[in-house]
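Hi there,

Here is the structure I promised to pass on to you. Have a look at it first, and then read my notes below.

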Amino acid sequence: MHFVEVAIKVPLQRTFDYKVEQLLHSPELKPGMRVRVPFGSQKKVAVVLALKTSTDVPADKIKPIIDVIDDTPVLSEQHLALLKFTARYYCYPLGETIHTALPAALRQGECPDKTSINMVELTDKGAKLPSLKAKTQLSLLKQLAESGKSSVTELKALGFTKKTIDSLLDKELITQFIEHDNQWQQRAPTVGSKPVLNKEQAVACTSINQARGFTSFLLEGVTGSGKTEVYLQCLEEVLKKGQQALVLVPEIGLTPQTVNRFRRRFPDTPIMLWHSALTDNERLQTWRFCEKGSCAIVIGTRSSIFLPFLSLGMIIVDEEHDSSFKQQDTLRYHARDLAAYRAYQHNIPLVLGSATPALETLHKAINNKYQLLSLTERAQTSTDNQFQLMDMKGQPEQAGIAHASLAYMRQHLERGKQVMVFLNRRGFSPTLICHECGWLSECSRCSTSATFHKAIGQMICHHCGEQHQVPHQCPDCGSTQIFPNGKGTEQIEEFLTQTFPDIPISRIDRDSTRRKGSLEKALDDINQGGARILVGTQMLAKGHHFADVSLVLILDVDSGLYSCDFRATEHLAQLVTQVAGRAGRSGEPGQVLLQTHFPEHPLLQDLVNNGYQDFARYALTERVDAQLPPITNMAMVRAEGHNINQVMDFLTDLVPVQNVSGIQLLGPIPAPLERVAGKYRFQLHIQAQERSHLHQYLAQMVDYISTSKLAQKVRWSLDVDPIDMI
Ligand code: ADP
Ligand code: ZN
Ligand code: ZN
């Protein structure tokens, strides 16, 4: 008799045993294969973890598996080890962890074999970019001229329709082919033109290329210092060895600009993208390509960390400080941290790049766990941005913009430059206020305000999405004297349109870019010089290159200075530095204006006078004093429910589970947003000097929760290494 231990997608911290009848034993069953098993009254897809000759399940209880789905494992031993590590580290059920990683078709027990991908490229006729009446057709040709070739999927993600593609095929301006390239490993990659590295870049490249086995690097380089160039030249060496590479980018960093740059550099290398807009089919395709080695480079967001690779040679995490690498629900993993585990597993180099490294990463670099590589100068210009704190106390202002700031804007615009105005709040104003009685528009279900969206005439809660018509009268006193209170990007745009009637303005935030392809279109417009003033939220801060921006105005710095989240100042400093990095690419120094009521604040002074590098190292010493992460290790249990007592009791019950030394507990404390969508929210913070102590404690706690009746009455989640305290 043979048995198998399997993982099934159920919210339980355990695995299950089944027996295998001889008949089913061929093909030879191996870990990583999928089987179908009876589970209660259902049939479920399960993944084999181990084969056993005995089991603790009594003979009359053990059920046989129904059938074996795969001939070969869908998860290699190494991949299974990664998922087991992930499940253990984040205290998440293994079956659910595997479920998160697998593409939908594989989860559902199908075994389609996708090995080809639809690509298009320009024909000779198309390469001449003939003048076409249809603008979208012409812009598709231009896109292909930039990228060389592209998958149909990518073009659709950019907002091009099947109709546009088909018309160009009909006109024989583009041609379609199936990419199925298994040969790239056998030939040296074609490499497009590239600049000669400067000294710092060369040192960085050599260090990375000479690394033998698992080595982690922090590439700390100001925006525009040529980090991407270092990645590209390191990747060239990886490709020459016939190895694959994974390039992780933030959600928002996956722009055509980035991708085109990789494609132009390696024109005959199969490069694939991975992001949240892929269809199930496309996910499966990419998964299969990686697994078979038919794809050399994956540029992907967070979840690409779970892709299978035949021979992975390097992992790069660009903008490693970006919070989109952390999943904020279900399996709350951090792709950067899992990247470190994967690099260790594959025994390969890991490169983390940023202009504003997370304090977690910097801490490891300072303690020599990561090798620090610095790029201190901009690659193309030798100019540094000039920072200036604009004291708002007593300043005349309109729509939150100081008159002095407006005067600077005018100067830059008159010289034909672009100006960027940054405010991290979308909508017209965060609340409406009644002039008569002081009533504030609040969400009825959350302890927060409802945001006024003027253009669509709606009040929207940004936390639960509740939406209703703008009231004409104050619901409390009936007065019609109700006004917007506070500023959002929509209001800034309206004010600037009135102030600079002849200047084209583009607003970039989640509201203005909801439609597929609209962000790309807006960015394109900006780069063609169409828009002269750019108003936006943090969507503007990352990754995009704007050649003509010479002034960056940051409106509301103060909200980040005083916050209950101990990471708020770190995030503010990162944001300011990233936003500022958009200026001064055109050869002259950029000007960065920070509007604040606290110009003497030591953090702002440090940031403005000495830069992020200095600020971050100082901030780390503060974390030492306060014994906060990354000096200590943290986990957090969040609980919410309609019944406040149940929520409190659930968390209070967890507190005594502490037979483990070296643990500090804080809570239950109310979440910063105490009520969302009608539910009360509380937290328990768990901290430990030693990571092993933290995990010992968490293991016990998760065991305890599995027996707790209250756990079924409230919604709870465990967040290991939380990055925000909401
Ligand atoms: P980062 O990724 O740090 O923002 P990039 O690699 O995008 O920097 O470089 C910024 C600009 O400088 C790009 O236009 C790039 O082509 C150019 N560049 C990078 N390295 C060099 C170099 N060694 N010589 C000339 N130009 C360079
Ligand atoms: Zn009122
Ligand atoms: Zn709400």
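**What I found**

Let me start with one cysteine: Cys 437 is partly exposed, because its relative accessibility is 39%, and the cut-offs for that class are 20% and 50%. Please keep in mind as you read that this is a predicted model.

Cys 437 belongs to a metal site. Its SG atom coordinates the zinc ion (ligand 2), together with the SG atoms of Cys 434, Cys 474 and Cys 477, at 2.3 to 2.4 Å. What is the geometry of the site of the zinc ion (ligand 2)? It is tetrahedral, with angles of 105 to 113° among the 4 donor atoms. Along the chain, the donors of this zinc ion follow the spacing C-x2-C-x36-C-x2-C. Cys 437 lies in the loop between strand 20 (431-434) and strand 21 (451-453), while Cys 474 lies in the loop between strand 23 (467-469) and strand 24 (482-485), so the pair ties together parts that are 37 residues apart in sequence. Is Cys 474 buried or exposed? Cys 474 is buried, because its relative accessible area is 3%, and buried means under 20%.

Next, the other ligand. Ligand 1 is surrounded by 16 residues, and the closest are Val 196, Gln 201, Lys 227, Thr 228 and Arg 261. By type, this shell divides into 8 polar, 5 nonpolar and 3 charged residues. Which helix gives the most to the shell around ligand 1? That is helix 9 (residues 227-240), with 3 residues.

- Thr 228 has a polar side-chain atom 2.6 Å from an oxygen atom of ligand 1.
- Glu 229 has a backbone N or O atom 3.1 Å from an oxygen atom of ligand 1.
- Ser 225 has a polar backbone atom 3.3 Å from an oxygen atom of ligand 1.

Taken alone, ligand 1 exposes 560 Å², and the protein buries 80% of that.

Finally, a residue from another part of the chain. Thr 569 sits in helix 17 (residues 568-580). Thr 569 counts as partly exposed, because its relative accessibility is 24%, which falls between the cut-offs of 20% and 50%. Gly 517 is 52 residues from Thr 569 along the chain, and the C-alpha atoms of the two are separated by 33 Å.

Best wishes

Key. Residues are numbered from 1 along each chain as its sequence is written. Chains are lettered from A and ligands numbered from 1 in the order in which they are written. This is a predicted model: local features need pLDDT of at least 70, side-chain atom pairs count only at pLDDT 80 or more; totals for chains, interfaces and linings use all residues. Side-chain values use heavy atoms; hydrogens and water are left out. Donors are N, O and S atoms within 2.8 Å of the metal (3.2 Å for Na, K and Ca); water is not among the atoms, so sites may look incomplete. Four donors count as tetrahedral if all angles lie between 85 and 135 degrees; four count as square planar and six as octahedral if opposite donors are over 155 degrees apart and all others between 65 and 115; anything else is irregular. Helices (H or I, at least four residues) and strands (E, at least two) are DSSP runs, numbered from the N terminus. Buried means under 20% relative accessible area, exposed over 50%, partly exposed in between (1.4 Å probe, protein chains only). A residue is near a molecule or strand if one of its heavy atoms lies within 4 Å of it. A polar contact is a pair of N or O atoms within 3.5 Å; within protein, one must be able to donate a hydrogen and the other to accept it, and residues adjacent in sequence count only if both atoms are side-chain atoms. Accessible areas come from the Shrake-Rupley method with a 1.4 Å probe; for residues, only the protein chains shown count as cover. Ala, Val, Leu, Ile, Met, Phe, Trp, Tyr, Cys and Pro count as nonpolar, Asp, Glu, Lys and Arg as charged, and the others, Gly among them, as polar.
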